[in-house]
Amino acid sequence: MATIHTTVKATTTTRSGAFQRRRSMTSSRIVAWCAIAPAAIALILVVGYPALDGLRLSFSSWVGLGEPEWIGFDNYVQAIGSSEMRTSLLLTMAYAVGSAVIMVALATLLAAAISGGARGSAFYRVVWFLPGVAPATAVAVFWSASFQPGTGSVNAVLGALGLGNDHAWLASQQTAIYPVIGVTVWSGAGFAFLLLLGAMEQIPVSVFEAASIDGASSARKFFSITLPLVRPVLVICLMLEIIWAANGFSVVYAMTQGGPGTATETLPLLIYKQAFSLSNYGLASAMAVISGVILIVIGLVSLRFSRSRQGASW
Amino acid sequence: MITSTLARGARQILMLGWTLLALVPFALIILLAFRNNTDIYRYPLGVGGTYHPENFVTAWSGPVGSAGMGTFLANSIFAFIAALIVNVVLGSVAAYFVTRLPQRVTTIYLGIFVAGTVVPFVLLLVPYYRLLNSLQMLSNPWALGVLYGVLALPTTVLVLNAYFVDFPRELVEAAYIDGLGDLAVFMRVVIPLSKGAITAVSLLLAIWVWSETQLAIVLLQDSGSQTAAVGILGFQGQFTTNLGALFAGLTIIAIPVVALYLVFHRYITKGIALGGVFR
């Protein structure tokens with residue numbers, strides 16, 4: 001009898017304990033759900049809803065006043081058919097891929113140069129990222145002044161080196177894109193450098209030591225160990241920089257405003273012009289949707305690429 | 001042996017070259033800010049000429065008929081304050097409490113924020129213009145700041161979540177045993193021990209807000225409402241014959257953020273290592 005009594009008592013305590021714990025778990029859950037809701041709602045209101053609104057506008061005709069009028073796929077037909085859009089798309093891809101490839105190649109070399117713990121690597125790490133924190137418009141304004149023939153600092157340096165001080169790259173349709181790519185690389189390389197340096201520092205030192213014992217040169221170690229092991233980060237970096245450059249507005253706008261003519265008019269600038277100078281808001285939105293879809297596809301493809309390779313290399 | 005010497009030489013040249021290329025433009029901006037047009041044309045590298053500190057006064061008050069750096073800086077700071085409050089309050093609460101929910105919920109929730117980073121700004125530009133126009137909030141740096149705060153939420157939530165996932169569980173459990181509720185644990189235990197991570201995301205936000213142009217150029221139309229990154233574009237057009245004042249403006253924009261970076265670079269690097277970007 002006594003035994004039974006204790007057992008029953010014990011069971012009840014456990015039960016009520018479990019009940020209390022469960023109740024506090026549930027209330028904890030409710031608190032957590034309420035706490036995560038505002039951020040998600042804010043994101044939906046500020047990004048999700050406007051994105052849908054942009055999508056709707058891309059199927060409408062709107063000149064800035066009154067209600068948008070639904071016109072189906074007309075904007076898309078017009079966008080895809082326009083030579084302006086096609087030229088700009090090709091230019092954007094050339095600019096984005098060109099900048100990103102140079103940027104990531106440079107960043108890889110920079111990261112490799114100090115990843116072995118070279119003397120003063122803390123100093124280089126700070127200094128090399130500096131161009132990345134300065135406001136893009138400010139550096140672009142500075143550089144476009146520096147590229148002026150005769151009076152700009154870049155031309156002064158070239159003149160001092162005997163290469164002539166009257167290069168007017170920004171004024172010529174053929175060459176204006178090169179200084180823009182140069183400044184994009186200058187301001188963006190620091191970020192890629194930090195990411196790649198982080199990846200290189202994850203590689204165990206023992207791997208390099210083993211290679212040294214086997215007599216591998218530093219170039220050999222770079223190509224056979226460092227590069228294959230950081231490839232996933234390299235691919236991600238390249239993808240991010242392509243997408244950022246293709247979406248980039250500040251550097252191009254501040255340096256050339258898309259000119260001379262339309263020689264440097266990348267998609268973000270063309271869309272800006274279509275919307276806010278020409279009031280073709282619907283057409284501009286269709287162009288934005290098209291460019292967004294292309295960039296998302298690039299992103300997904302390269303993510304897939306980086307993942308499958310990652311599995312193979314380990 | 002010869003190749004290894006060559007490789008070492010190439011490495012030294014690369015390191016020295018990039019260090020110069022990273023530093024010299026900032027030195028030039030500051031030097032040329034003290035020169036007048038004649039000197040800038042004659043000595044484009046800043047060596048030689050006379051000092052004209054009054055360029056800073058001109059830049060601070062702006063060209064005739066337009067606002068100056070003083071106003072632009074204030075607007076940038078207003079936008080940043082609004083962005084910071086929205087971003088850090090919503091972001092830190094969400095990033096922490098989602099770790100208290102089942103893994104499946106966390107995955108979906110973070111997925112929503114990743115999806116948010118995919119939407120390009122150009123698509124949002126026209127809808128924002130329509131929205132703020134109908135709310136009579138065009139040319140309002142505070143309203144733009146609120147948008148910035150939410151647009152940067154993905155970065156903040158993902159970075160802080162990566163940090164909170166590794167937050168020592170024993171500390172949280174101990175606080176529950178001491179009888180603290182969920183909110184008290186968050187406010188009095190988690191937040192005080194996460195100052196580093198919160199500093200990191202705040203700095204990423206500050207650098208981004210300081211330089212954002214694409215939205216600001218559309219949504220801040222009055223010159224008196226513009227942030228520094230947009231205001232300097234106006235300077236570019238209006239100070240063509242007073243480059244010293246343009247460079248003084250560039251100095252005023254670049255120095256605060258560079259100083260912030262030099263003091264806090266560890267936090268920024270850490271934020272990037274946790275997956276942070278400038279947005």
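In what order do the elements of chain A run from the N terminus on? The order is α-β-β-α-α-α-α-α-α-α-α-α-α-α. The model described here is a predicted one.

## Chain A: overall make-up

Chain A contains 12 helices together with two strands. Of the 314 residues in chain A, 48% are buried.

## Confidence in chain B

For chain B, the mean pLDDT is 89, and 99% of the residues reach 70 or more. Within chain B, the lowest confidence falls in α2(B), with a mean of 78, whereas the highest falls in α7(B), at 96. Where pLDDT is low, the coordinates of a prediction should not be read in detail.

## Salt bridges

Over all chains, the structure holds five salt bridges. One of them brings together the side chains of A:Arg56 and A:Asp53, with N and O 3.1 Å apart. These two residues are three positions apart in helix α1 (residues 2–58) of chain A, and therefore about one helical turn separates them. A:Asp53 has a relative accessible area of 8% and is buried, while A:Arg56, at 37% relative accessibility, counts as partly exposed.

A:Asp53 also forms a salt bridge with B:Arg130, in which the closest N and O atoms are 3.6 Å apart. Because B:Arg130 belongs to helix α6 (residues 121–134) of chain B and A:Asp53 to helix α1 of chain A, this pair joins two chains. B:Arg130 is buried, its relative accessible area being 17%.

A:Glu265 is buried, with a relative accessible area of 7%; A:Lys273 is partly exposed at 22% relative accessibility.

## Aromatic residues and charges over rings

In total, 38 aromatic pairs are counted over all chains. In one of these pairs, the ring centres of B:Phe34 and B:Phe56 are 5.1 Å apart and the ring planes stand at 50°, so the pair is classed as tilted. B:Phe34 lies in the loop between α1 (2–32) and α2 (37–42) of chain B, and B:Phe56 lies in helix α3 (residues 54–61) of chain B; the pair therefore ties together parts that are 22 residues apart in sequence. B:Phe34 counts as partly exposed, at 25% relative accessibility.

One aromatic cluster is formed by A:Trp62, A:Phe249, A:Tyr253, A:Tyr272, A:Phe276, A:Tyr281 and B:Tyr129. Elsewhere, in chain B, the charged end of B:Arg35 is placed over the ring of B:Tyr51, at 4.8 Å from the ring centre.

## A nonpolar surface patch on chain B

B:Ile77, B:Phe78, B:Ile81, B:Ile85, B:Val89 and B:Trp142 make a nonpolar surface patch of about 520 Å². Helix α4 (residues 69–97) of chain B supplies the largest share of the patch, with five residues.

B:Trp142 belongs to helix α7 (residues 141–151) of chain B. With a relative accessibility of 39%, B:Trp142 counts as partly exposed. Helix α7 of chain B is also the element in which the confidence of chain B is highest.

Definitions and conventions:
Residues numbered from 1 in each chain as written. Chains lettered and ligands numbered in written order. Predicted model: local features only at pLDDT ≥ 70, side-chain atom pairs only at ≥ 80, totals over all residues. Heavy atoms only, no water. Patch = residues over 30% accessible without salt bridge, like charges linked within 9 Å, V, L, I, M, F, W, Y side chains within 5 Å. Areas by Shrake-Rupley, 256 points an atom, 1.4 Å probe, with all protein chains shown as cover. Salt bridge = Lys/Arg side-chain N within 4 Å of Asp/Glu carboxyl O. Helix = DSSP H or I, 4+ residues; strand = E, 2+ residues; numbered from the N terminus. Buried < 20%, exposed > 50% of the residue type's maximum accessible area, 1.4 Å probe, protein only. Phe/Tyr/Trp six-rings, centres within 6.5 Å; stacked < 30°, edge-to-face > 60°. Lys NZ or Arg CZ within 6 Å of the ring centre and 35° of its normal. pLDDT = per-residue confidence, 0-100.
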